[in-house]
Amino acid sequence: KMTQQMRDLQLAQARKPPGPSSPNAAKRLYRNLSGKFRVNYTSFDEGSLVGRGEKEKLRKSYLFQSNAALFEAVELQDLDRVQELLKHYSPEELDLNTPNSEGLLPLDIAIMTNNAPIARALLQAGAKESPHFVSLESRSLHLSTLVREAEQRVNELMAQVVNEAPNADCSEKEKQLKAWEWRFRLYKRMKAGFEHARVPDAPSSVHLSVASSSSLQVTFWEPLSVNLAIVTKYKVEWSCSPTFSPLLGEAMIDKLKDLHFTIQGLVSGTAYHVRVSAYNMKGWGPPQASVPPFAVPSNWREYDGRVPRRRGQAEALDHLLGQVKTVHQHCICHEPCKNQPQSRKHSVSKSLKHLFHPGSKFLKTLKRGLYLTAIFYKDDNILVTHEDQIPVVEIDDTYSCLLMQDFLWFTKVSCMWDEILWLRQCVTVSQSSCSCILQTRFKMLLAISQMQGLLGIQDLGQVFFEPIKDKQGNILIVTLKEVKTNQTFESVRWVPICKLQTSRKSVSSPEEPTALDTLLISVQDKLAYHQRSSHALPPGLYLGYLKLCSAVDQIRVLVPERLPNILCHVKIRSNPNISREEWEWLQKMASVEEPVPTEPEADTSQNPLFQELQVAIKELMTLVNIPLQEAKDFRLYSQEVLDFGDQVSFLLLLPPSDDVCTAPGQNNPYTPRSGFLTLPLQIFELGEER
């Protein structure tokens, strides 16, 4: 009966071409395919094909061959070939989960020959076991049938080779005999592998943590012994009872790249028990209970019922901006300024005419004044004018000392690139006050409009955290933007950065470079800063170190160069959630003014967060070059957990009150090692929001 089922299956799979019948055939096929792995089907010369149908036929031919090559690579236990095929073809193109003429899948062959590396590679690619093996008996019977039929075929071919006289047909029969002898040995090895295997042991460890007020996260590890059979899936079960009766739910985990699972839809405040079992071709192994044995879904906000600080803030700001715009539509700023002095009206009119005059163009050289430059880059290329200059426009030729407040105002304007015209109209009415600050800011808006008009783009990117100054009195405000698409710009073109740096002729001395020369020399550092400042942290809970230093006109914050939009930090764990129980412990520690946990204590040895904080504090103190004994005077910020979205959260470590902010001239005995910089606090806040 089993043989008849297999014959029916062969007919059903007749559309699949038979694979090579021997190891040598497999090697030849793989050599033929090796030159075709990197074929880009869109790169074929259309003229060399009769039409699209011919091209599609050729493509399918390659895919059929790759499927056969995958089976042969698995049978030959060639891990490199398997990985190469999985890399260059999708699971659908490989027909990864379609049985061959023997009713087997690549994963079946890998696990029954106990080839763990190949089995893991196939599992990560999405491979499944054959659905035809509904029981242990059906798998055993199928393997016995394959062994018996292969043995019969070997005996038949051997008799034909012995009885026939040497000729061309006899030579072909000998090749077939060798191929079937090899396949007979393969099936016997698979059958022996199945017979010697046993169910897997329980997972070596199961860790349970609170992911939110309605979910738990389960992380588990492979069994220490799989008993001669690869684990192909896991089962997670949960219940409110320690006996798991009744069972509230279960989930099958067959994607084994990351061994974790989040149980969703739980009731806050309810205790849940969790266990995990492993499965191989012999069945399910014993379950492993989690550590801790149960957990209660919760969040730290439930401690005092507070709502997220930023909830509704973005919507409220948008609403407020809309209200301001509505009011200003009927404001005098949109009408001619009748009370404005003639000289000022003439000056503003002249500035506007100059802005939209065809003669408006980028500057080639700098005079004493304030300027705006925009750096657009893509890979190793940068946008330059037709004169091979970085785009620069003038803000004010009489402004030689940029006040920090004006610069910080400019950085805030960079969050509203699309609103520059509206802002400019609103500031115009204030010119009658003759305020130097308002005049400068109005000129900044004019320069932004001019840059946008010349480039033909609104978004000028992110403002670099400090302007570039030279001894000639020039000041450059720099914006940076990475272009990831084939975007077209007006009046500019792309050139390699290295070419621009080598071809530009400096007009200043090395001792006193101009602001433009300084920009060109340091442009790659600025691009690196811009790229790093846009990186996001992986999900998790982090310990951040807050250290400020003050100057005459600003407060600066210490940040790492590799991620300047985030405080100095180390990762505590991958789970970003702080449970109510953990927050209660932190509040208790803060209420009695206990020092931060740097040494183990007997009564807290079972507290996972305590142990995680110990490790994180030691790592953070080493990172910022502070002796560990000094950390005893540090404090954990206990007012709130800083949440950045749903996946990243921070606990803050604060120095003693007198040392949180270093005053001008005050000596800082613990200077961080290389790899750090200080940003103006407002710049850091803007980068954090981005």
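**Cavities and cysteines in a predicted model**

View 1. Strand E12 (462-463) and helix H20 (681-689) each contribute at least two residues to the lining of the largest cavity. H20 provides the largest share of that lining, four residues. The space in the largest cavity amounts to about 110 Å³. Its lining comprises 14 residues, of which Gln462, Val463, Ile683, Leu686 and Gly687 are the closest to the centre.

View 2. By residue class, the lining of the largest cavity consists of seven nonpolar, six polar and one charged.

**View 3. The second largest cavity.** The structure contains two cavities of 30 Å³ or more. The volume of the second largest cavity is about 60 Å³. Asp388, Gln389, Ile390, Leu500, Arg504, Leu516 and Leu520 form its lining. Among the residues of this lining, four are nonpolar, one is polar and two are charged.

**View 4. Cysteine residues Cys568 and Cys661.** Zero disulfides are present in the structure. Cys661 takes part in no disulfide, and the nearest cysteine sulfur, that of Cys549, is 6.9 Å away. With a relative accessibility of 28%, Cys661 is classed as partly exposed. Cys568 is classed as buried because its relative accessibility is 0%, the cut-off for buried being under 20%.

Methods. Residues numbered from 1 in each chain as written. Predicted model: local features only at pLDDT ≥ 70, side-chain atom pairs only at ≥ 80, totals over all residues. Heavy atoms only, no water. Disulfide = S-S within 2.5 Å. Buried < 20%, exposed > 50% of the residue type's maximum accessible area, 1.4 Å probe, protein only. 1 Å grid on protein atoms, 1.4 Å probe; cavity = no way out; pocket = protein on both sides within 12 Å on 5 of 7 lines; lining within 4 Å. Points joined across faces, edges and corners; volume = space filled by probe spheres on them. Nonpolar A, V, L, I, M, F, W, Y, C, P; charged D, E, K, R; others polar.
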